[in-house]
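Visitor: Hi, I have just opened this one and would like a short tour. Could you take me through it step by step?

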Amino acid sequence: MTDPETQTNDPRKPGIASLRLASLVTHAETAGSVSLDELLAAMGRTSIAFAILILSLPALNPIPGPFGMVFGTCLAIIAVQIMAGYQRIWLPAFLGRRRISANVIGLIVRYTSPLVSRVETVLRRNRMRHFAGRTAQSLLGIPVFLLAIAVALPIPFGNFLPVAALVMIALGLMERDGLMAMLGVALGIIALATSGGLIYGAIRSLGWAIG
């Protein structure tokens, strides 16, 4: 079997992330459901980057539920470990044991794969790789942490920009594409400013309603 990390930059071929997401769907369908710990254990050499990706995507899914809060919390915990220089990630038992059904995973991947595929078309492996190496990865934990908080907050329609920024950062790290990672940080700044504006507007509206 071909290692997805040996794929070329041929835009006609799926990227590492798309191949891993497809493998995840297959695994989930075979097992019926997977826990977050099982997800982390199956991520291979791109575990941290793929963790950012797979834990941010559910916040875009159309299924009702506290997905943003649960997965945003997981992302925040992982971001702290990234800043500390960890190469393997860990979740508390109460989060790691949380299981996701194959149907939900399939829906998440189908719903979010167009975003991942669009970003993959402009990735270039090892481009400006010093911005996506191990040292840069630790520094990128800071914007990932802030974006995770934005994802966890119950802001109506407020998840798309933070998740898009996290997807760009994650794919940049997976392909060692430093330019994409930096573009993700730039989008993250815009996303955080937008989220702050939405929160401020909500507080002002609540104050006006109360009188």
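**Salt bridges and a helix**

Guide: Let us begin with D177, which counts as buried because its relative accessibility is 0%, and please keep in mind that this is a predicted model.

Visitor: What does the side chain of D177 meet?

Guide: The side chain of D177 forms a salt bridge with that of R127, at 2.7 Å from N to O. This pair links distant parts of the chain, since D177 is in the loop between helix 8 and helix 9, while R127 is in the loop between helix 6 and helix 7, 50 residues apart.

Visitor: And R127, how exposed is that?

Guide: R127 is partly exposed, with a relative accessible area of 26%.

Visitor: How many salt bridges turn up in the whole structure?

Guide: A search of the whole structure finds 2.

Visitor: Is E175 buried or exposed?

Guide: E175 counts as buried, at 10% relative accessibility, whereas R125 is partly exposed at 27%.

Visitor: Switching topic, which residues of helix 1 are buried?

Guide: The buried residues in helix 1 are I16, A17, S18, R20, L21, L24, V25 and A28.

Visitor: What follows helix 1?

Guide: Helix 1 is followed by G32, whose phi is positive, near 90°.

Technical notes. Residues numbered from 1 in each chain as written. Predicted model: local features only at pLDDT ≥ 70, side-chain atom pairs only at ≥ 80, totals over all residues. Heavy atoms only, no water. Buried < 20%, exposed > 50% of the residue type's maximum accessible area, 1.4 Å probe, protein only. Helix = DSSP H or I, 4+ residues; strand = E, 2+ residues; numbered from the N terminus. Salt bridge = Lys/Arg side-chain N within 4 Å of Asp/Glu carboxyl O.
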